[in-house]
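Have the sequence and the 3D view open as you read.

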Amino acid sequence: MARQPRLLSGSIGAGKRTKSARKAGRREEEHMTEKHRKMLIRILVTFVLFVVLMVMDHSGRFSWIGEFPGGFILYLAPYLLIGYDIIWKAARNIRNGQVFDENFLMMVATFAAFGVGEYSEALAVMLFYQVGELFQSYAVNRSRKSISDMMDICPEYANIEENGELRQVDPDDVEPGNLIVIKAGERIPLDGVVVEGESMIDTAALTGESVPRRAAAGDEVISGCVNGSGTLKVKVTKGFEDSTVARILELVENASSKKAKLENFITRFARYYTPVVTIAAAVLAVIPPLILGGGWADWIQRACIFLVISCPCALVISVPLGFFGGIGAASRIGVLVKGSNFLEAVAEMTTIVFDKTGTLTKGEFRVTEVIPADVGELADEDDWDSRKLNEADAAGESGQTPFFGKAGETAIANEDGTQLAAGESARQELLRLAAFAEGYSTHPIAKSIQEAYGKPLELNRVSDVEELAGHGIRAQVDGSAVLAGNGKLMEQMGIAYQECQRGGTVVYVARDGRFAGTIVISDTIKDGAREAIRDMKQVGVKQCIMLTGDRKEAAQEVARELGLDQVHAELLPGDKVEQVEALLNAQPPKERLAFVGDGINDAPVLTRADIGIAMGTMGSDAAIEAADVVLMDDDVRKIAAIVRISRKTLRIVKQNIVFALGVKALVLLLGAFGMANMWEAVFADVGVSVIAILNSMRALKSK
Amino acid sequence: MKKKFKMENLDCANCAAKMENAIKKIPGVNDASVSFMMQKLTIDADDSRFDAIMDEVAAACARVDEDCRILR
């Protein structure tokens, strides 16, 4: 592993979750609150009274009382029981200048029903309004709970070792440098480095990755993960506020404040909807009876229907709830979406631009080809295409490869054994020479050669090692003078060598003044990168483009391997922004462009693209901050999954909008012509809300 | 300065939207967002008068729904 996960460390906004807020967060939200319980009792009592009244009314037992005032009072008592808080709130809000709030509308509607002598209807409307409200509140609480459960990565405590004894403290009170102990099964409270112990760590809550990761002394561990079987002693590297957990929670919580276009549309719509419907109700109550003469009761009843329907709650709740669910579903598979607006944009994504190193390739170096000199000479150009290219790919971006001077050139290659078996021993010999010559070096290139050689190095056979900065290495191996380095080294030493035209970093090896062969070291393509591209095409991404600072040959090899549509190679960081801007300008207005990068030099491009997608583990802090979507486990395959989740979320949200508006419009229309009753109006209000909320909950279950 | 506050008894989504609008209109508030789902207020307001602004914010919220409180 070349790089340790450095997930979200560094500076992303201020993680100012106060201790008390966090604790409150832990306690809160059983689905059924005390308030709910009280309301439920009120509803049940009222319901029983209502049934009794209805039965007695219909069986004629009230005939002796008379409609008014006897009947009125009989119905008014349960009405007040169920609706007193509504009336109280309505009165209070009028005092505060909030005329069109739903309490007020319900009050007017039911009062009017009383006024026209529909006592039982007035009571029923209030009763079912309250039932709907209760259910709505319960459903919202539940969904809030299920989302926060999923994001339940917040550690409760940390074990600090003091005088040989363990003490549980609040993670907030632990400071960087402190030693904490994480027992088996406990959640890792703070980011740190393992000092003692060994364990498997379950990162599923953060990355959605189900295979546990091994951690031993020296490895970094990330807060929020769950420790498996062993006990770990960890030296804390970051305070709680800067820890991964605090940052992730921060990101997710902020996500709901970045609103989607649809959400904003609904909020704006709601602002006009209520007054318009209310005014329509007033007009309906007054004008027709004046023109047509008489029938006040009937028209007032129709107006009441309008008032009941005038609350935009179904929309105002279900749209953000849907997006919230979508973001929750995404975080469950290890993808952080930083706002509803980005989820919306992902659904419209048609172009995706990749950075190469760290995104499509691992950024790890591996020997991909070993070409002994004489075998190399045998290989002819025609043979090239028929050979299956190894998962080869060039070294890192030009700007980020610190490998002094061994910049690659050439080699004629073969590692796949299409060549003679005799070549095998020659290759081993070449690798052995290079591995011994580089035996003392800890350079990534040297390491990859040593790894490829795979046998223990008896370093006593190596002597007189000399590093030639910018060129390579000179050493005595088993008595022969071995050179390993780039073309410049060969030229300098006057050795005739064969230039290698392959992508990657190329090391030429010479023994005793004679060219011995070439070793090509490449970055490897990530597991699943090909699948990722295929999946993206499947979900409707039209163009997959790769940008890289790397050499053309290397870039094209990767592009061919992965099935990309376009490659732009040899770009400077600034060129990437220009390329993306050009693509953005050429893009039709309803389509979106995403840029996927691991960060180094990428932050400006991530910001510029419609959707910036960053790697959570490998990515730089700046990239994660600039990005809109973070892939916690760096798995590019998740991009297609996110597209699916976002499309489903948007579908659900749109269904809700159409359904809610449709039902409301229908009942309004029927109501205006006197064909709807209060019951239907109540359904169009709270019933629709509840159905829309239940529908929104599906977004959470997206896969 | 950007700060976050938990809100209590924020019972209706429409109220949250109304509060958000009202808060945004308060002078000194650069941006505000009331999240019904998270029961949370995120506000970006002038540093120098932050406390005074928060008083106004609390008043604005109370006008929409008196039961709703901002925990600060």
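Let's start with helix H8 of chain A, residues 261-292: its 32 residues reach 44 Å from first C-alpha to last, close to the 46 Å expected at 1.5 Å a residue. (That expected span is 1.5 Å times one less than the number of residues; helices are DSSP runs of H or I, at least four residues, numbered from the N terminus.) The model is predicted, so local features need pLDDT of at least 70 and side-chain atom pairs 80 or more, while totals for chains, interfaces and linings use all residues. Residues count from 1 along each chain as written, and chains are lettered from A, with ligands numbered from 1, in written order.

H8(A) bends by about 30° at A:Leu284, with A:Pro288 following within four residues; the bend is the angle between axes fitted to the seven residues ending there and the seven starting there. After the helix comes A:Gly293, with a positive phi near 80°.

## What it packs against

Buried residues of H8(A) include A:Ile266, A:Tyr273, A:Val277 and A:Leu284 (buried: 20 or more other C-beta atoms within 10 Å of the residue's own, C-beta atoms being placed from the backbone). The buried residues pack against H9, H10, H11 and H22 of chain A, together with helix H1 (13-24) of chain B.

## Meeting chain B

Across the interface, 22 residues of chain A are in contact with 17 of chain B (contact: C-beta atoms, placed from the backbone, within 7 Å). H10(A) brings the largest share of chain A's side, six residues.

Conventions
Helices (H or I, at least four residues) and strands (E, at least two) are DSSP runs, numbered from the N terminus. A residue is buried if 20 or more other C-beta atoms lie within 10 Å of its own, exposed if 12 or fewer, and partly exposed in between; C-beta atoms are placed from the backbone. Two residues are in contact if their C-beta atoms, placed from the backbone, lie within 7 Å.
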